[in-house]
Amino acid sequence: MLTTFFKYQSLCNDFILFDWYEKDAAAVVKVLTKKTLSNHIIAWCNRHTSIGADGVIFLTKDMQTLTPSMIIYNADGSSGGTCLNGLRCVALHYFERYHKQNSFDILFNNNKR
């Protein structure tokens, strides 16, 4: 699940985006609850030894409403809370890849670690 990613930037912030919108919910939860996730995020965001980014975004979906949902982490592995630059990247990705309407919702899922 962690092999395909997208790289986006918005207003001088860059993000690694994992698109799990169509993935099985149980598999997504399994990855997002691993204790080592923070270590992976720190490693991926390192600009000298890896991809390099200001944060990591996971695009998932709310299982009740099927609304796209984003979970964002800072480069230090902590929760990114609400990030409008990240939201711009997710909205562009979702619009281009899945949606043909001009208006849609995206949920922030503040995953506290």
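Predicted model: local features only at pLDDT ≥ 70, side-chain atom pairs only at ≥ 80, totals over all residues.
Visitor: How many bridges join strand 3 and strand 4?
Guide: Strand 3 covers residues 55-61 and strand 4 covers 68-74. Gly-55 has Asn-74 as its bridge partner in strand 4. Thr-60 stands opposite Ser-69 in strand 4. The two strands pair in the antiparallel sense, and the number of bridges is 7.

Visitor: Which residue in the hairpin of strand 3 and strand 4 takes a positive phi?
Guide: The hairpin has 6 residues between the strands. The positive phi is near 60°, and the residue that takes it is Leu-66.

Visitor: Do strand 2 and strand 3 run parallel or antiparallel?
Guide: Strand 2 spans residues 13-19. Its Asp-19 has Leu-59 as bridge partner in strand 3. Strand 2 and strand 3 are joined by 5 bridges, and they run parallel.

Visitor: Which residue of strand 5 does Met-70 stand opposite?
Guide: Strand 5 consists of residues 107-108. It pairs with strand 4 in the parallel sense, over 2 bridges. Opposite Met-70 stands Phe-108.

Visitor: Is strand 4 mostly covered or mostly open, and how many of its residues are buried?
Guide: Buried means under 20% relative accessible area. Strand 3 is mostly covered, with 6 of its 7 residues buried. Strand 4 is mostly covered too, and its buried residues number 6 of 7.

Visitor: Why does Phe-58 count as buried?
Guide: The cut-off for buried is under 20% relative accessible area. Phe-58 counts as buried because its relative accessibility is 0%.

Visitor: Is Tyr-98 buried or partly exposed?
Guide: Tyr-98 forms a tilted aromatic pair with Tyr-94, 5.6 Å centre to centre and 35° between the planes. Tyr-94 counts as buried at 5% relative accessibility. For Tyr-98 the value is 23%, so this residue counts as partly exposed.

Visitor: Over which ring does the charged end of Lys-61 sit?
Guide: A charge must be within 6 Å of the ring centre. The charged end of Lys-61 is 5.0 Å from the centre, and the ring is that of Tyr-21.

Visitor: Which element gives the largest share of the lining of the largest pocket?
Guide: The largest pocket has a volume of about 290 Å³. Of its 17 lining residues, the closest to the centre are Val-28, Val-29, Leu-32, Thr-60 and Asn-109. Helix 1 (25-32), strand 3 and strand 4 each give two or more residues to the lining. The largest share, 4 residues, comes from helix 1.

Visitor: How many charged residues are in the lining of the largest pocket?
Guide: Sort the lining by class. There are 8 nonpolar and 5 polar residues. The charged residues number 4.

Definitions and conventions: Residues numbered from 1 in each chain as written. Heavy atoms only, no water. 1 Å grid on protein atoms, 1.4 Å probe; cavity = no way out; pocket = protein on both sides within 12 Å on 5 of 7 lines; lining within 4 Å. Points joined across faces, edges and corners; volume = space filled by probe spheres on them. Nonpolar A, V, L, I, M, F, W, Y, C, P; charged D, E, K, R; others polar. Buried < 20%, exposed > 50% of the residue type's maximum accessible area, 1.4 Å probe, protein only. Pairing = 2+ DSSP bridges. Phe/Tyr/Trp six-rings, centres within 6.5 Å; stacked < 30°, edge-to-face > 60°. Lys NZ or Arg CZ within 6 Å of the ring centre and 35° of its normal.
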